[in-house]
Amino acid sequence: MASLTMPRPSQSTSASCSSPIPSRCSFGDQNPTFSFSFRDSRSRVHVCNAAAVRCDMAEALNFPNGKPNIPVLNERTLPKFLETARMEKTVNRTTNNRIKLFSGTANPALSQNYWFSQLSDRNLSIQDGVSQEIACYMGVELGKINIKRFADGEIYVQLQESVRGCDVYLVQPTCPLANENLMELLIMIDACRRASAKNITAVIPYFGYARADRKTQGRESIAAKLVANLITEAGADRVLACDLHSGQSMGYFDIPVDHVYCQPVILDYLASKTVSSNDLVVVSPDVGGVARARAFAKKLSDAPLAIVDKRRHGHNVAEVMNLIGDVKGKVAVMVDDMIDTAGTIAKGAALLHQEGAREVYACCTHAVFSPPAIERLSGGLFQEVIVTNTIPVAEKNYFPELTVLSIANLLGETIWRVHDDCSIAFASWIRLSILRGGNPEIGHVEW
């Protein structure tokens with residue numbers, strides 16, 4: 001199995017628990033400038049950490065026995081939109097003990113500072129001394145929790161430290177296996193409630209039932225509302241979710257919902273690309289994603305927008321009809337909230353190539369990757385497939401065009417702002433653009 005070596009954070013920095021993150025520039029300047037040339041993305045797999053900056057690699061990675069090597073990550077400072085006053089000093093753990101962070105088994109790599117593709121054993125006991133990425137960014141220790149499965153499949157959860165009177169944050173996406181991970185989250189919430197936690201926040205990077213948010217025909221269930229009721233009745237006081245499939249899902253909860261957008265992470269990565277703004281076009285793979293694509297395009301120097309018109313004949317089956325907009329000779333960036341079977345985005349990419357697009361990039365937050373998604377995405381239609389780690393990507397699903405960006409620091413900053421009763425709209429402070437004047441092949445980020 002591929003291994004990832006992480007350096008220890010420097011003790012001399014102002015934020016002693018800053019996560020080790022790959023660096024290609026210094027974020028100390030007010031207006032850092034990125035200037036990179038393309039490499040052949042088909043020759044390697046990227047696994048990038050928070051702030052969406054490409055990993056340092058001197059040369060293309062080799063794939064012995066078909067398994068990708070993971071590059072060593074180097075230290076760097078955090079971008080300013082992820083810096084807060086709390087990061088200016090080390091958190092005193094002896095006095096600041098009212099916040100507790102626990103991780104379930106659905107995506108432990110998001111809460112821990114080392115990479116592993118999947119759990120060979122679903123039993124998990126998080127011990128002291130384990131490197132924590134979200135916890136390290138926040139300057140707190142990852143809580144000790146024992147989660148195991150009985151022989152008949154029942155889930156057992158025991159908190160191994162006191163949470164009485166504390167604000168507890170439970171990190172657990174409802175990714176595949178969706179029902180098992182959802183049940184584990186509910187039991188974790190119940191355990192915290194019975195342990196007299198003051199406030200319980202369910203941090204759900206991927207809300208699995210968000211697509212079942214309405215009735216499209218008679219006698220259908222609205223599972224998103226049912227799951228919202230389950231989380232509320234289990235005892236959660238707040239939900240923190242990333243890129244919900246539709247905004248109305250927030251209304252299904254009778255408790256506050258903080259909706260975190262992961263666009264800044266992907267946009268920051270795209271800003272490092274050597275692409276002229278005149279060559280960019282943002283493409284929505286369907287009519288329902290136009291608002292998302294328009295907001296994305298506005299942050300990329302107000303790039304033009306194109307829409308793929310499709311008609312769906314059944315679940316997970318899509319048929320592309322035509323294209324609205326001009327993509328001839330341009331670099332097309334397809335934007336969606338998730339990739340499931342990749343039928344929609346693959347057929348859209350094929351249409352873009354037919355219409356004369358020079359290159360096609362796929363960007364999404366949630367990499368569900370249900371079969372046959374990997375075959376479709378690795379078939380040569382895409383220059384690069386950019387996703388985040390809201391859902392863990394198994395090693396068997398790696399392919400050369402895949403780039404994985406971490407949202408751990410984004411979630412860590414959001415948790416701190418919720419805990420400090422501050423606004424979480426810090427993403428609106430960012431304006432990413434690609435230079436219109438001067439050298440048209442220099443990416444530029446303004447914080």
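**Sheet, helices and salt bridges**

Q: Helix α9 (residues 408–419) lies across β3, β7, β8, β9 (238–242) and β10, but at about what angle does it run to β9?
A: This is a predicted model: local features need pLDDT of at least 70 and side-chain atom pairs 80 or more, while totals for chains, interfaces and linings use all residues. Residues are numbered from 1 along each chain as its sequence is written, and side-chain values use heavy atoms, leaving out hydrogens and water. Helices (H or I, at least four residues) and strands (E, at least two) are DSSP runs numbered from the N terminus, and contact means heavy atoms within 4.5 Å. With axes fitted to C-alpha atoms (for helices, over the stretch in contact) and angles from 0 to 180 degrees between N-to-C directions, α9 runs to β9 at about 155°.

Q: Which strands stand at the edges of the five-stranded sheet?
A: The sheet is open and parallel, in the order β3-β7-β8-β9-β10; strands pair if DSSP finds at least two bridges between them. Two strands have a single partner each, so one side of each lacks a neighbour in the sheet: β3 (99–103) and β10 (257–260).

Q: How many residues apart in sequence are the parts that Arg 149 and Glu 184 tie together?
A: Their side chains meet in a salt bridge (Lys or Arg side-chain nitrogen within 4 Å of an Asp or Glu carboxyl oxygen), at 2.7 Å, N to O. Arg 149 lies in strand β5 (residues 145–149) and Glu 184 in helix α3, so the pair ties together parts whose separation in sequence is 35 residues.
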